[in-house]
Amino acid sequence: MTMPAAEPLPAVPATATEEGKYVYCIIRHERPKEFGQIGIGGGMRVYTVHHGDLSAVVSDTPIVIYDPTRDNVLAHEFVNETVMREFTVIPMSFGTVFRSESDVTELLRSTYQAFSDVLDKMQDKIEFGLKVLWERDKVVATIERENDEIRRLKDEITRNAASSTYFARMQLGRLLEAALEEMGNRYLADVHDALKPLCVASRSNKPIGDRMIMNAAFLVERDREKDFDDRVREVSHRYENLLTFKYTGPWPPYNFVNIKLKLERAN
Amino acid sequence: MGLLSSLLTFPVSGPVAGIRWSLRQVQRVVDEELTDDTPIKEELMQLQMRLEMGDIDDAEYVERERDLMDRLRAVREWRERLGRGSTAGPVRVAAPEAEVSVADGVAPPPAEHTTDRSGRGPSGAE
């Protein structure tokens, strides 16, 4: 009995079947495409998995759960940014891992029509993020300057520090809170009105922390990017001393595409 | 006799049933707190914001981030133990099935309104 002298190494190592795919986004592209060694988990190779004219942009990964650390999130974002330079993308949420390449292909196959429709609608559209924080003290100062009733009440309390009543202080606090809310709403409406004509859609997310009064995302046509930039700059100048604008992007349309994946247990 | 026995046992069975019920409630609240990662993610976003605004430095960020990751992992373990799987947020293994749609207000609104993503994108890293 003779054994085959040298068994050729299998093209696919046995462990490869255990290997998962981290999916960054879906694009329309029919040929294999490489995006370089930029993937999550330490510069993994980023490439495409196909079904028809749809491609998932993936990198190899063990089947693990990725913590949303800054490094991991930045790696995810960096890949999407890179892909976005050339393609319209449907972004996947951070941390989406599939068990195998064939699971990814199956996703593309079973959701082909929906992905195609969404890609059509998102064609040449990008997202911008705008967070607005206020300098509460400065806004309060503005209110005190402009609101006679509040100013009078405050003067009165300061003049008669000893005798001023608890009630007067309560009253001042209440008036101030109401005025602050009104100012906040006015700023928000102003910013929205300025940007609305230049975007396709907008969405408000929950503000983060107590200084933030706006946490919004705007969907913008690529060829209006500059107009939108200019308008944001203009508005932020208008409120230079009162509000801080954190303007970010372009992002893939995270806030304008809903992807509901069916999830499995990690193990 | 039936009436009598239930009358006799009422003062006893009443409170006991009540205690069992409230213990179950307590357990449910505890389970939910152990398995809810929303507040942790909110803290993470606030932490990122504070780093961006220069309220904290890089070293402090890294330290606090590590702490939050530990808590996220603990929540994940409880979810597994209580058989809830990883349903929400950025921790998941996906099955090859999905529903995809464009969000409200972009095009004709989709039939189904889905919840927000878990705060990545513009509210995440920058």
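Is B:Glu43 buried, exposed or partly exposed, and what is its relative accessible area? B:Glu43 is partly exposed, at 33% (buried means under 20% relative accessible area, exposed over 50%, partly exposed in between; 1.4 Å probe, protein chains only). The model is predicted: local features need pLDDT of at least 70, side-chain atom pairs count only at pLDDT 80 or more, and totals for chains, interfaces and linings use all residues. Residues are numbered from 1 along each chain as its sequence is written, chains are lettered from A and ligands numbered from 1 in the order in which they are written, and side-chain values use heavy atoms, without hydrogens and water.

Chain A splits into domain 1 (18-123) and domain 2 (127-255), with bounds from an automatic or database domain assignment. Their C-alpha centres are 37 Å apart. The area buried between the two domains is about 760 Å² (accessible area, 1.4 Å probe, that two parts lose on being put together, summed over both). Carbon and sulfur atoms give 64% of that area. On the domain 1 side, A:Met84, A:Pro91 and A:Met122 lose the most area to domain 2, together 57% of what that side buries. Nine residues of domain 1 are in contact with seven of domain 2 (heavy atoms within 4.5 Å).

Helix α1 (residues 70-84) of chain A supplies four residues, the largest share of the domain 1 side that touches domain 2. Helices are DSSP runs (H or I, at least four residues), as are strands (E, at least two), numbered from the N terminus.

The structure holds 23 salt bridges over all chains. One of them pairs A:Asp67 with B:Arg76 (3.3 Å, N to O). This pair crosses between chains, from the loop between β4 (54-61) and α1 of chain A to helix α3 (residues 58-81) of chain B. A:Asp67 is buried, at 10% relative accessible area. B:Arg76 is also buried, at 12%.

B:Arg71 forms a salt bridge with B:Glu43, with closest N and O atoms 3.2 Å apart. B:Arg71 lies in helix α3 and B:Glu43 in helix α2 (residues 38-52) of chain B, so the pair ties together parts 28 residues apart in sequence. B:Arg71 is partly exposed, at 32%.

B:Arg73 and B:Asp70 meet at 3.0 Å, N to O. Both lie in helix α3 of chain B, three residues apart, about one turn of the helix. Shared partners join A:Asp67, B:Asp70, B:Arg73 and B:Arg76 into one salt-bridge network.

Conventions
A salt bridge is a side-chain nitrogen of Lys or Arg within 4 Å of a carboxyl oxygen of Asp or Glu.
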